[in-house]
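I opened this notebook to record what I looked up in one structure. The entries follow the order in which I worked.

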Amino acid sequence: MLVHPYHTLFWSIVGFLAGVMAASIGLHISVVWLVLGSEIIFLVLYFTYPTLRVYVRSAALIAPLVLVGFVYYYTDDALFRRERIPFGETILIHGTVNSVPQVRGGGQDSTVSVHEPFRARIRIRTERYPTITYGDTITFRGAIEESADDSFGMYLQKERIRGTVSFPEVENIEHGTVRQFRGVLLSLRSTVEQRLMEQFSPDVAGFLSGITLGGSHALSDTMREVMQKTGTTHLVALSGYNISVIALSLLALFGAILKRRYALILTVIGIIVFVMFAGGEASAVRAAIMGIIIIIAEAFGRAYDVRNALALAAFAMVLLNPKVLAFDIGFQLSFLALIGIVYVKPAFEALFRIQTNTKGLLAWREGALTTAAAQVAVLPLLLITFGNVPAISLVANVAILWLIPITMLLGFLFVLCSFVFDPLATIIAYGVHLLIGMELGVLRWFSRFPLALTLSISTPFLVAYYTALGFFIRYGINRTSLSS
Amino acid sequence: MESTVHPFLHNPRLLRNVLGVLILANAVLWFGLFVLEKDKSTVLAMHFLSVGQGDSELIIFPGGVKLLIDGGPPNGSVSRELDAVLQSNDRYIDLVMVSHPQLDHFGGLIDMLVRYRVGAFLESGRRGEISAYKDLENILEKRNVERIQLAKNDRIRYRGSTATILSPDARLLGSTDLNDTSLVTFVESASTTALFTGDIGKDAEQFIVRTIPTVVDVLKVPHHGSKFSSAASFLGAVQPILSVIEVGKNRYGHPTPQAIERLTDVGARVYRTDRDGRVTVKSDGKNLTVERAVRDAK
């Protein structure tokens with residue numbers, strides 16, 4: 001009757017996502033006409049090509065899903081804007097701080113869940129002192145500026161933030177008023193961060209904190225710059241990569257003692273616990289969802305199945321928050337990188353006839369290929385978003401990436417030991433210090449080559465690039481199926 | 001019958017590797033313990049840290065006890081400087097002193113107190129008025145650091161070294177000018193004398209002139225080289241050989257040419273952390289040596 005369910009599911013999701021994307025970029029009624037128009041075309045095709053009826057029927061059923069996605073985005077947006085907020089008026093506001101305040105420049109940025117005189121999330125920027133902490137109840141007087149539709153504004157909207165207040169008059173702060181589960185997790189996280197700060201020099205502590213718990217706030221400005229210049233900032237953003245490292249390690253650990261199925265369940269639980277522990281921020285949760293779906297898929301099938309897993313992951317995340325599709329760089333980068341690893345890497349293997357089955361600590365070929373594949377997939381997006389890409393990014397990433405899993409492992413071991421048996425932790429600290437010191441040295445050395453690839457990306461280029469990539473992937477698939 | 005000896009003992013290669021690692025680790029540790037620590041027993045080291053516009057000096061007495069006077073502004077510098085001066089596994093500062101509760105003197109300590117364990121916190125008793133001061137008190141409490149109030153004539157003694165508080169007395173402690181409440185420390189160690197002056201002005205300087213025991217070899221110039229400090233009469237009584245100005249980018253004109261001129265007039269060599277970076281003065285009882293972090297400074 002219809003195309004195989006495996007494909008139907010995939011293309012249904014793609015249709016839905018296309019609808020969400022159309023709404024995100026501001027298309028309105030034209031979408032309806034497009035869908036109607038395509039249905040008419042399908043109707044014509046149905047009668048002119050009887051052999052293709054299965055495909056046509058499927059397409060005709062999927063096309064309306066574009067409208068569903070479209071409507072879903074706007075419905076979600078309408079709900080987001082439901083509460084009336086007196087923008088621009090100076091008012092007294094009362095709420096709870098529900099983010100970990102970031103100290104930036106001469107001030108602090110926090111997200112406040114407002115209770116009075118309305119219910120919404122807003123972002124506030126206050127003076128460096130008095131210090132605000134997660135869970136504080138805060139009362140202040142100021143005027144709210146609505147989140148605009150520019151890139152920063154859309155970032156705020158994606159985070160469900162209605163507006164911002166700059167340097168309001170803080171009237172009162174009550175500490176430790178909210179004892180939620182997340183508050184407990186965050187205080188646990190800050191305990192771990194402090195333990196790292198107690199043991200290691202500022203740069204080492206910041207780097208280790210970043211790669212294990214995510215976040216670049218503990219890094220010094222110089223170090224952050226070094227990482228930007230070498231294209232390695234993604235290491236300290238709790239992304240799908242970090243999650244997958246943890247997932248694979250846990251799988252290996254549990255898989256050695258338990259049956260596959262139980263190892264998987266425990267790994268999933270482990271990831272959930274870890275993400276909550278690292279602060280449970282939205283981006284981390286998304287990375288976890290993606291990571292979990294991917295490892296489940298990889299455990300039960302070939303790369304063929306990963307496609308649907310990716311689609312399901314995207315669907316789940318967009319369902320939770322439609323704005324992430326178009327406005328969350330992390331989401332886009334993670335997805336493209338994954339697509340690169342899953343599809344482009346085999347193509348590279350076929351093209352360069354490289355064997356990547358060699359295991360061992362120095363499986364640099366595997367690492368290099370994976371990194372290259374991910375970079376190739378992500379390049380246009382990076383160029384659009386940041387305007388330039390560091391030329392040594394690929395080399396620097398290959399040089400560092402293979403060390404990260406063991407660094408993370410040693411870091412976790414250190415933290416664990418310091419709560420159980422401190423002297424052992426001090427010994428492990430020697431190793432960690434040596435390892436990270438070397439990694440930072442390598443990064444600093446690479447950052448001395450500030451050559452960057454600067455290109456302004458136009459839509460035709462984008463289309464051409466990904467079309468070419470598509471053909472390259474096709475070539476790879478054909479080559480692999482031929483040789484196997 | 002199968003032997004139940006642990007497989008580890010049957011694998012000579014593994015055994016050899018593990019043994020090698022253990023011997024190497026021992027060599028490294030014992031070397032570090034004996035060779036690298038040897039220097040500490042007789043040398044007095046005074047590090048004038050480069051923290052920007054603010055004060056911070058680390059004194060390491062012969063024998064290894066450390067006294068940190070002030071932590072500079074809250075820009076993360078003091079932690080980085082300490083990391084550069086001390087060995088990376090040395091996370092203990094015996095004594096931390098705040099000369100007076102101004103942000104460019106205590107701000108950096110809020111972060112530093114998380115990274116290092118501190119034996120005791122020394123203060124004048126004058127409380128800070130800005131909200132950041134509460135953060136400092138919170139972290140001191142959280143880290144269970146003992147707080148000790150010092151005043152004129154109080155003394156710290158360790159092996160052959162002494163640190164004597166010359167100021168403030170009760171009158172200066174109640175001064176409306178926070179700068180004059182600064183704890184002024186006179187250090188005698190390894191046959192060398194040094195004076196750490198915080199942000200004192202003419203009033204406190206005159207008070208010290210009456211009570212300072214001798215001239216000093218090294219002077220931490222008051223108030224970042226402000227022209228309202230370093231009075232000629234004060235410098236005439238102190239007569240430093242070396243003087244260090246702790247200063248960074250600021251809009252007060254620090255260090256002023258007038259103050260620098262008065263210093264050179266009494267024959268003092270002038271160093272400044274904004275140009276020279278961290279300035280380290282070492283004495284072994286016979287010779288005084290000066291190192292500047294920025295080598296090509298003029």
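**Conventions**

I note that this is a predicted model, in which local features need pLDDT of at least 70 and side-chain atom pairs count only at pLDDT 80 or more, while totals for chains, interfaces and linings use all residues. Residues are numbered from 1 along each chain as its sequence is written, chains are lettered from A and ligands numbered from 1 in the order in which they are written, and side-chain values use heavy atoms, with hydrogens and water left out.

**Chain B as a whole**

I looked up the secondary structure of chain B and found nine helices and 15 strands. Here helices (H or I, at least four residues) and strands (E, at least two) are DSSP runs, numbered from the N terminus. Along the principal axes, the C-alpha atoms of chain B fill a box of roughly 95 × 40 × 35 Å. Chain B has 298 residues, and 52% of them count as buried. I use buried for under 20% relative accessible area, exposed for over 50%, and partly exposed for values in between (1.4 Å probe, protein chains only). I then took the contacts in chain B between residues at least 6 apart in sequence, and 63% of these join residues at least 24 apart. Contact means heavy atoms within 4.5 Å.

**The sheet in chain B**

I traced an open sheet of seven strands in chain B, ordered S7-S8-S9-S10-S11-S12-S13, with mixed pairing. Strands S7 (155–158) and S13 (269–272) of chain B stand at the edges with a single partner strand each, so one side of each is left without a neighbour in the sheet. From one strand to the next, the twist averages 15°. Two strands pair if DSSP finds at least two bridges between them.

Which residue of S13(B) is the bridge partner of B:Val244? The partner is B:Tyr271. Helix H6 (residues 202–211) of chain B packs on the sheet, where it touches strand S8 (161–167) and strand S9 (184–189), and its direction makes about 130° with that of S8(B). For such angles, axes are lines fitted to C-alpha atoms, for helices over the stretch in contact, and the angles run from 0 to 180 degrees between N-to-C directions.

**Where chain A meets chain B**

I found 14 residues from chain A and 18 residues from chain B in the contact. The area buried between the two chains is about 1,400 Å², with 53% of it given by carbon and sulfur atoms. Buried area is the accessible area (1.4 Å probe) that two parts lose on being put together, summed over both.

How many salt bridges are there between chain A and chain B? The count is one. A:Glu198 forms a salt bridge with B:Arg143, the closest N and O atoms being 2.8 Å apart; the term requires a side-chain nitrogen of Lys or Arg within 4 Å of a carboxyl oxygen of Asp or Glu. On the side of chain A that touches chain B, the elements giving two or more residues are helices H5 (181–199), H6 (202–213) and H17 (422–446) of chain A. H5(A) gives the most to that side, with four residues.

**Single residues in chain A**

I placed A:Asp76 in helix H3 (residues 53–80) of chain A. Is A:Asp76 buried or exposed? A:Asp76 counts as buried because its relative accessibility is 14%. Beyond its neighbours within four places in sequence, A:Asp76 is in contact with A:Arg160, A:Pro322 and A:Lys323.

**Backbone exceptions**

Most residues other than glycine have a negative phi, and most peptide bonds are trans. I therefore listed the exceptions below.

- A:Tyr129 and A:Pro130 are joined by a cis peptide bond, with omega about 0°. A:Pro130 is in the loop between strand S4 (120–127) and strand S5 (137–143) of chain A.
- The peptide bond from B:His254 to B:Pro255 is also cis, with omega near -10°. B:Pro255 lies in the loop between S12 and helix H8 (257–265) of chain B.
- B:Asn144 is not a glycine, yet has a positive phi of about 55°. B:Asn144 is in the loop between helix H4 (131–142) and strand S6 (146–149) of chain B, and counts as exposed at 70% relative accessibility.
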